[in-house]
Amino acid sequence: MEALVPAFIAALLATLGDRPPRLAAMLAERHGVAIVMLAAVLALAAGNAVAGFVAMEIAPRLTPNGQGLLVAVALLFAAGSGLFPAGKLPDGCPRLGGFLGSLVVILSASGGDRSQFIAFALGSADGDAWFAAAGSAAGAGAVVFVAAVLGDSAWSRLPLRVIRIATAFLFLVAGAVTGLSALRLA
């Protein structure tokens, strides 16, 4: 249960500059907020469920120092990838319809992203992988919901580059402190 809130906060911060919220904002203008949010919730839950399952399998094999180092690596990875723009957005899947097309696009854009890696690491360290996965899905879902409600034009006007760099700095500091602690140097 200890991983629920940290996973929520980390996913919230990590998702701000990623592709899923921008995709949800674009898709919500085409298909409506309710359809896109249902697809986004399912996509985020599926991706984080995989992270939770893998964390459950890995957790018994890690020592406490290894668990701390895994969390540090996940945070440093989130910092590093936060320094770069999210990349080109897919056009969507018009033949699949609003719900299924949104599900496929958001699932493919969020698969293996920063928030899922952090959920995996926190779940491996805490032992309650499902709480980490649920917290991560909820944090990412909150950002995606706001983006879908705002729409693409309002979401694109936000200072996402500044937010992405600021969160990268936070992840860098948290990763460095966690890593030094795991190595028993701090």
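Predicted model: local features only at pLDDT ≥ 70, side-chain atom pairs only at ≥ 80, totals over all residues.
Student: Let's start with the whole fold. How many helices and how many strands does the protein chain have?

Tutor: Read along the sequence, the pattern of the protein chain is α-α-α-α-α-α-α-α-α. Counting up its elements gives 0 strands and 9 helices.

Student: What is the radius of gyration of the protein chain, and how does it compare with the globule rule?

Tutor: The C-alpha atoms fill a box of roughly 50 × 30 × 25 Å along the principal axes. For 186 residues the globule rule gives 16 Å, and the chain comes close to that, so it is as compact as a globular protein of that length. Its radius of gyration is 16 Å.

Student: How many residues of the contact of H1 with H6 are nonpolar, polar and charged?

Tutor: On the H1 side the contact uses Pro6, Ala7, Ala10, Ala11, Leu13, Ala14 and Thr15, while H6 brings Arg114, Ser115, Ile118 and Leu122. Sorted by type, these residues divide into 8 nonpolar, 2 polar and 1 charged.

Student: Is Phe99 buried, partly exposed or exposed?

Tutor: Phe99 sits in helix H5, residues 97–110. Leaving aside neighbours within four places in sequence, Phe99 touches Ile35, Leu38, Ala39 and Leu42. Its relative accessible area is 31%. Buried needs under 20% and exposed needs over 50%, so Phe99 is partly exposed.

Student: How far apart in space are Phe99 and Ile58?

Tutor: Along the sequence, Phe99 and Ile58 are 41 residues apart. From C-alpha to C-alpha, their separation in space is 34 Å.

Student: And what separates the C-alpha atoms of Ala45 and Ala133?

Tutor: Ala45 belongs to helix H3, residues 33–58, and is partly exposed at 38% relative accessibility. Ala45 and Ala133 are 88 residues apart along the chain. The distance between their C-alpha atoms is 7.9 Å.

Notes:
Residues numbered from 1 in each chain as written. Heavy atoms only, no water. Contact = heavy atoms within 4.5 Å. Helix = DSSP H or I, 4+ residues; strand = E, 2+ residues; numbered from the N terminus. Nonpolar A, V, L, I, M, F, W, Y, C, P; charged D, E, K, R; others polar. Buried < 20%, exposed > 50% of the residue type's maximum accessible area, 1.4 Å probe, protein only. Rg over C-alpha atoms; globule rule 2.2 N^0.38 Å.
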